[in-house]
Amino acid sequence: MNVHPSFEVGQAVHHAEPVVSVRELRIEFQRPDGSRYAVVDKVSFDVMPGQIVGIVGESGSGKSMTARSILRLTPKTGKLSGSVDFQGKDIFSLPPARVRDIRGNKIAMIFQDPMTSFNPVFRIGAQIEEAIRLHASVAKSKLTQRVVELLSLVGIGNPQERARAYPHEFSGGMRQRALTAMAVANKPALLIADEPTTALDVTVQDQIMELMRDLNAHSGTAILLITHNIAVVASLCDRVIVMYAGRVVEEGPVEQVLASSQHPYTWSLLKSVPRMDGDAGRLVAIKGHPPDPTALPQGCKFQPRCPFAVRRCSEEEPPLGEIATDHRARCWVLMRNVEGLAA
Amino acid sequence: MSVSFAETTPPGPLVHVRELRRHFDYGGNFFRRKTVKAVEDVSFDIAPGETLGLVGESGSGKSTLGRVVVGLDKATSGRVTIGGNSVETSRGRERRDLWRKAQMVFQDPYSSLNPKMTIRDTLAEPLRNFGIAKGRNADVMIRTALEACGLPARAMELYPREFSGGQRQRVGIARALIVRPDFIVADEPVSALDVSIQAQIINLMQDLRSEYGLTYLFIAHDLAVVKHVSDRVAVMYLGKIVEIAAAKALYARPLHPYTQLLLRSIPIPDPLAERERRRAVPKIEARRDLKPGQGCPFAPRCPRAQFPICAEEEPALLDKGDGALAACHFSETAHAVAGDRRAGAGGSADNPSLTVDAR
């Protein structure tokens, strides 16, 4: 796929400062009786320029909430605490108008369902034009040309004609491409992609992953990818953050975390998915089901399902400790100490 | 307690599907109907105790096929027999017996259970409908079915909302199992579940299969899951089966270019293996000028298509050796692919004029 040179954001690539830096994020909701519970807690991570970081977790793990909080897109009833530092500003303490300046501009987001992300009664091109006009004043003729460039950047053939199409005339994969075109229209420093391939067929998923890889390589846009699919993380990401019950349970470079998982949850998750290159042995299932965020267990949140739990696990929640260079896990036991028992 | 089909009937296919079609009319007017051929000329057999995996992308017709086979939808034409009884023509007792013998497990455990019925009522209903058991006897059977599916007996008193997704799917499986079916069509039984729960349900279905001698038609879009559970796999594309073969052979040596494309598209949860896979994926540009018509339906996306033949003549689903069938003018035989791998030499010796260099 050809990436148009005019979309390179060269200066972002060599910064040593993180693009976004999340510290002690906590998202609380209220029960009917007024007491509070957290769906996300103690979450801290950085996304460096040009990096692709994956957040992997199951439904209810808080991965989407975490991603949305960066743009303050969490539900109004949710109370955010902690900080999200973006280019020296704390997004949580900015006035709403300033957050709107960042949203869709410096930080863009694409969602799982490309069907509901477009307005069905406006042409695709007009909607992308609007995304550009919101943040910059561009002449009408330039605007049209820009939309055509963007559509061909994301691999949509015959872009002049396609810009005049309505969303329903696009297939799911094309809609996700168009949405990506809209998201990168203002050359964002960070693209947040929430399950961008989940609704798509595998052949289309592969194309969208290739598109993400191209955008990242050619324009240096950092990507925060939210997914439940570990294989997608293995394919795309430099770093991975594994979330469970609203917490980061393991974090590190993809190769290291997947090849030598130290948290029993990560380890079990990898053993529980059938692999294309694997044989048909029995899958190692994780017993039980993810906890209800309103009634989390004592101590480690994975402990009731963990085959390696010891007494301390149910008494005291482990910290997210540095267990190797650049590799953290929230576990008292760690797989390297029990791997012999695991087989 | 097991009612194994294999014990009571001479060997032969349990499920026999021939030239099955399901067309849907839409739009147009009285004189000019528009038709979607959701299932078009599909034939296959499933042996007793076998699991046939059915894969395809959204819109390929795999769910429609499953519904027609189990009798939830009427075929436009063609034949389906299950255990020797025709799904289309059987009436009365024979018909009821068929309804019992062939059960279905649905994708969405949230919408396939009645929220106003307790689990006991949900499971007692089929027992009553088929005149199998009532009252206390039914309770015993319900308890057994729930336990077989890994649910405690007290689940009987609860409503679906009190269960997690994985537990609801267990209830859905128990409901299918309780009438002692021979054959279960499972339509995406794990795709709505969390990753950590999928393995539980897959393991459960495999345990039940060996315990009760069940035969499955396992429909899913996740090729890794299908590989894991299936003995044989059928690949559907736009309403047709384009390849059907033993699971091991199909994944090791896919014959049809569409199967090859599908298999190459799946990422692997291991960065090194994944890098290898990506290197091996050839870039294919779809030919937008070709419209699917009378030729091969896959021709517009096919990296190996040759013209005019692929655009004009539809390939039949033919035996390519080793029990593998593929619908492609240019696919090698199973032997040739295997030989190809070993010797790195050319394609089919039988029909050199139709051999295309894939590399």
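**Where the chains meet**

Mentor: Start with the contact between the chains: 29 residues from chain B and 33 residues from chain A take part. Keep in mind that this is a predicted model.
Trainee: Which element gives the most to the side of chain B that touches chain A?
Mentor: That is α7(B), with seven residues. The elements giving two or more residues to that side are α7, α8 (223-229), α10 (257-264) and α11 (271-280) of chain B.
Trainee: And what classes of residue has the side of chain B that touches chain A?
Mentor: That side has 15 nonpolar, eight polar and six charged residues.
Trainee: Back to α7(B). At what angle do the axes of α6(B) and α7(B) cross?
Mentor: Roughly 15°. Helix α6 covers residues 165-177 of chain B, helix α7 covers residues 195-212, and their axes come within 10 Å.
Trainee: What does that make them, then?
Mentor: Angles under 35 degrees count as roughly parallel. So α6(B) and α7(B) are roughly parallel to each other.
Trainee: Is the crossing of α6(B) and α7(B) left-handed or right-handed?
Mentor: The crossing of α6(B) and α7(B) is right-handed.
Trainee: Which residues make the contact?
Mentor: From α6(B), they are Gly165(B), Gly166(B), Gln169(B), Arg170(B), Ile173(B) and Leu177(B). From α7(B), they are Ile197(B), Gln200(B), Ile201(B), Leu204(B), Met205(B) and Leu208(B). By class, the contact of these two helices has seven nonpolar, four polar and one charged residues.
Trainee: Which residues in α4(A) and α5(A) meet?
Mentor: In α4(A), look at Gly125(A), Ile128(A), Glu129(A), Ile132(A) and Arg133(A). They meet Leu143(A), Arg146(A), Val147(A) and Leu150(A) in α5(A). This contact of α4(A) with α5(A) has five nonpolar, one polar and three charged residues.
Trainee: Switching to sheets. What order do the eight strands in chain A take?
Mentor: The order is β6-β7-β8-β3-β9-β10-β12-β11 (chain A), in an open sheet with mixed pairing. The edge strands are β6 (107-110) and β11 (321-324) of chain A, and each pairs on one side only. On average, neighbouring strands of this sheet are turned by 20° against each other, direction ignored.
Trainee: How many bridges join β3 of chain A to β9 of chain A?
Mentor: Four bridges join strand β3 (residues 52-56) to strand β9 (residues 239-244) of chain A, and the two run parallel. For an example, Val56(A) has Val242(A) in β9(A) as its bridge partner.
Trainee: And the open sheet of four strands in chain B? What's the order there?
Mentor: The order is β2-β1-β4-β5 (chain B), and the pairing is antiparallel. β2 (34-46) and β5 (85-86) of chain B stand at the edges with a single partner strand each, so one side of each has no neighbour in the sheet.
Trainee: How many bridges join β4 of chain B to β5(B)?
Mentor: Two bridges join strand β4 (residues 77-82) of chain B to β5(B), and these strands run antiparallel. Thr81(B) stands opposite Ser86(B) in β5(B).
Trainee: How is chain A divided into domains?
Mentor: Chain A has domain 1 (5-243) and domain 2 (262-342). Their C-alpha centres lie 29 Å apart. Seven residues from domain 1 of chain A and nine residues from domain 2 of chain A make the contact.
Trainee: What about the domains of chain B?
Mentor: The assignment for chain B gives domain 1 (5-237) and domain 2 (253-354). Four residues of domain 1 of chain B are in contact with eight residues of domain 2 of chain B. The side of domain 1 of chain B that touches domain 2 has four nonpolar, no polar and no charged residues.

Definitions and conventions: Residues are numbered from 1 along each chain as its sequence is written. Chains are lettered from A and ligands numbered from 1 in the order in which they are written. This is a predicted model: local features need pLDDT of at least 70, side-chain atom pairs count only at pLDDT 80 or more; totals for chains, interfaces and linings use all residues. Domain bounds come from an automatic or database domain assignment. Two residues are in contact if their C-beta atoms, placed from the backbone, lie within 7 Å. Axes are lines fitted to C-alpha atoms, for helices over the stretch in contact, and angles run from 0 to 180 degrees between N-to-C directions. Angles under 35 degrees count as roughly parallel, over 145 as roughly antiparallel, 65 to 115 as roughly perpendicular and the rest as oblique. A crossing is left-handed if the near helix is turned anticlockwise from the far one by less than a right angle, and right-handed if clockwise. Ala, Val, Leu, Ile, Met, Phe, Trp, Tyr, Cys and Pro count as nonpolar, Asp, Glu, Lys and Arg as charged, and the others, Gly among them, as polar. Two strands pair if DSSP finds at least two bridges between them.
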